[in-house]
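Subject: Structure for your review

Dear colleague,

Please find below the structure that I am handing over to you. My notes on it follow directly after the entry.

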2 protein chains.
Amino acid sequence: MWKPDRQGTRPLYEQIADHLEQQISYGEFPPGSLLPSERKLAEHLGVNRSTVIQAYAELRSYGIIESRSGSGTRVSRTKWGATPKHTPNWKRYAEGGHFLPNPPFMRKIREALNKNPSLIDFASGEIAADLAPMDEVANIMSTHNYTSYLGYDNPQGHGPLREELVRYLKKFRSIDTSDSSILVTSGSQQSLYLLTQCLLSPGDAVAIEDPSYSYSLPMFQSAGLRLFRLPVDQDGMCPDALIDLYKKQRIKMVFINPNYQNPSGTILTQDRREKLLKVAAELALPIVEDDPFSLTSYSGSPPLPIKSMDKFGSVIYLGSFSKIAASGLRVGWMVAPRSIVERLADARQQMDYGLSVIPQQVAMQFLRSSHFEPHLDRLRMQLQFKRDLLISTLRTEVPDLISYNIPQGGLHLWCKLLVEVHDGKLLDESIQRGVVFVPGSVYGSDSSYIRFTYARTKTEDIVPGIKKFAKALRALV
Amino acid sequence: MWKPDRQGTRPLYEQIADHLEQQISYGEFPPGSLLPSERKLAEHLGVNRSTVIQAYAELRSYGIIESRSGSGTRVSRTKWGATPKHTPNWKRYAEGGHFLPNPPFMRKIREALNKNPSLIDFASGEIAADLAPMDEVANIMSTHNYTSYLGYDNPQGHGPLREELVRYLKKFRSIDTSDSSILVTSGSQQSLYLLTQCLLSPGDAVAIEDPSYSYSLPMFQSAGLRLFRLPVDQDGMCPDALIDLYKKQRIKMVFINPNYQNPSGTILTQDRREKLLKVAAELALPIVEDDPFSLTSYSGSPPLPIKSMDKFGSVIYLGSFSKIAASGLRVGWMVAPRSIVERLADARQQMDYGLSVIPQQVAMQFLRSSHFEPHLDRLRMQLQFKRDLLISTLRTEVPDLISYNIPQGGLHLWCKLLVEVHDGKLLDESIQRGVVFVPGSVYGSDSSYIRFTYARTKTEDIVPGIKKFAKALRALV
């Protein structure tokens, strides 16, 4: 006799609903026939009555069965049995798989932006259209001859781009590597996805910073990883906390964002970098260093990556064009031991068969061109200008309600609310007044923080945007 | 006291090796100290002695411990303990995760092609460089103005491309759809990856054709799916077999490739298409129709897709540019119910944050241009020419040893060996003589079949390639 599987991951009511649906489709319960009472079926299957009630409710919602008070639950005559059921239950398929949806705040923000395009956007973590090298890209596309073969390419990425990245990493990031240790990815998102999916197993423990953009990424939870936090203060994350965490949780990998950290804007100090590498070597623990922002350094001399000091090969380094050129290129890179790069390249063949050659060629030409450094200079100046405008407006509008450290690079300002306001309520109030930001709890922080991205906001929108925000905040104080 | 976890998926010996490694790193066994004997430790942990032997062997292979006959097993003095262990055990990380490596034959073929670029290639399932619309793409890139914003784009894919695909699908495939039901993917590989990862759960049963290229894709096994086969004869797969299979295995999804099937080259007959749709509707079973080859139809009038007859919304339709234009564009598409498209688009944000805009714009411009149809005509003629040359050479060289049906479209010739030869041995022998093809067992078929892809082979290589193959085959008969 069939019984629901109590060891499985699927809820019992779903298994019961599925089983009944199958029995009905096999004709064991013809159209119009009476189903067992909830009490009886619960006894029969050895489950709570509430579980059967839920299963019946689900089948009712699909029109498979119908209940009338006093006459029990019957197989639907109109939609079932005599007529085939036709359409697959797409709703249930869409609920399958192990991918968690994006966090509710992020979906709310996306929906608000879709609904109201005039919303002032301090939320999207990218650079504005006018900061991207549009003319340079258009120029590259129209003057270079795309005569190279458009077939399946090397699984690690386009060879000439990897060679160009070797020079770039040496010149701009003081990293010595070779093209065989580079994997071209479609950005840090894919780099992180490959690392979490292919090198770690469900149940493995990983450490992330607190606060951290990683916390906003459902991919960590989707991969079944256990997330542990390393506190971040104004000097970045604390390596000592890592030792304790390792002893307790047998951490398998550490994810950090040491330069102009997202969201806090901090730089990990040199002392802590050295300490972190020492700890990593002692524990033979891999460090994943995500470094998308460093070339935005407003002073023009960004801190060197941890990877450049990595004597024992503990560090996997991630870079990207998304925050320094254009997110729509979808070109990023990973520097890792060869065995790891080969493994991830092989696994990616199963996912998407690799990147298009065309944006890789555009990225290569841009890196190689005389336009790359002037573009960076312009980007830095414009970001600094936006940061200054944001801060001076906050100083005028909400000097008493908000505090922050001034970031020296990156796209974000991380603010502490000095009054007790729930970040979610503040978001709702702000959306109503026409402005949007990201609540701190998205990054795992408590609800007294918020993140403003000034890079994405149009310059002329910064002052009116903060005025709207100030009204929203004052309305809740 | 620590014990290995017998419920987990990791082998016991690995858990033991890991645990010992940790204890050693914590200093519980200092450098040079004696470890328990294999027998004693096995007793202590309640495992077989052979498990401990395996664990010790693993630790020995990393230089962590050393054994000398007569004096037992000790913690290594030279590499361990006093000095920190430094480098993460990358080898073990590379073995983690749930992605299976590609099948051995496919890796062997790739390695052979990498090692010897003059190898004549009947194995790679793509079109040759000279069949791709290189001039058209170069022309599009140089004449169109890429002024559109290069930021994060719609998660379902570039809007103007989806609109163009609506027209394309109507005109060339008689499919009525709208842009909101289309997901642009980086090719059928990503479409299949999204479907298997996001709509199905480990343990779910799916049906694929026998033989089928799906069988060559480790992604199905990597996703933990149970694969069941539907026999393919010269009229395509048999829908009756599907009913039986469904009753026994509660199939959740059916994957078929009805037009110029890979590898068999068959076309599913109209009768069977209707029957399949009827069965799908009765069982409310989703059909995934992969249709990459149809526009290669040598007669110029390809069979219509099953999707065009799909009254009840049972069919998810997959298309791609890879086999009709250029695989290096990495542009494909899926037509599915809106709820499914939205779910998959959201999940893909976690994987790679979507496709680059640039190849999507190139694809859109190419579809919209007056060059698209002439390109298809040229492609068809050239494929037919290559097919004819391959067949006439086989007729001359191995008339007695091989049989096949002549495909009316697609890129492949599926051959039955009329003599008893193992397909793997034949591959080795052929590689030695300078030619490569795909053994039939890669597609789940028995070892008396092989697949020749004539689309990828240079025209001038077809005759010498088959001569080499004939020598290899005769050497084994």
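I begin with one helix of chain A, and in particular with the side of α3(A) on which A:Ser50 and A:Ser61 are exposed. Please bear in mind throughout that this is a predicted model.

Helix α3 of chain A covers residues 49-61, which is 13 residues. From its first C-alpha to its last the helix reaches 18 Å, close to the 18 Å expected at 1.5 Å a residue. The buried residues in α3(A) are A:Thr51, A:Val52, A:Ala55, A:Tyr56, A:Glu58 and A:Leu59. Viewed down the axis of α3(A), these buried residues fall within an arc of 155°, so they line one face of the helix. Just after α3(A), A:Gly63 adopts a positive phi of about 75°.

Is A:Gly465 buried or exposed? It has 26 C-beta neighbours inside 10 Å; because 20 or more are required within that distance, A:Gly465 counts as buried. Leaving aside residues up to four places away in sequence, A:Gly465 touches A:Ile120, A:Phe122, A:Val435 and A:Thr457. The C-alpha atoms of A:Gly465 and A:Gly434 are separated by 7.6 Å, although the two residues are 31 residues apart along the chain.

Turning to chain B, an open sheet of eight strands has the order β4-β11-β10-β9-β8-β5-β6-β7, with mixed pairing. At the edges stand β4 (182-185) and β7 (236-237) of chain B; each has a single partner strand, so one side of each is left without a neighbour in the sheet. Within this chain, strand β5 (residues 205-210) and strand β8 (residues 253-256) run parallel and are joined by three bridges. In this pair, B:Val206 stands opposite B:Met253 in β8(B). Helix α7 (residues 159-173) of chain B lies across β4 and β11 (332-335) of chain B, running at about 110° to β4(B).

Finally, how the two chains are related.

With kind regards

Definitions and conventions:
Residues are numbered from 1 along each chain as its sequence is written. Chains are lettered from A and ligands numbered from 1 in the order in which they are written. This is a predicted model: local features need pLDDT of at least 70, side-chain atom pairs count only at pLDDT 80 or more; totals for chains, interfaces and linings use all residues. Helices (H or I, at least four residues) and strands (E, at least two) are DSSP runs, numbered from the N terminus. The expected span of a helix is 1.5 Å times one less than its number of residues. A residue is buried if 20 or more other C-beta atoms lie within 10 Å of its own, exposed if 12 or fewer, and partly exposed in between; C-beta atoms are placed from the backbone. The arc is that of the directions from the helix axis to the C-beta atoms. Two strands pair if DSSP finds at least two bridges between them. Two residues are in contact if their C-beta atoms, placed from the backbone, lie within 7 Å. Axes are lines fitted to C-alpha atoms, for helices over the stretch in contact, and angles run from 0 to 180 degrees between N-to-C directions.
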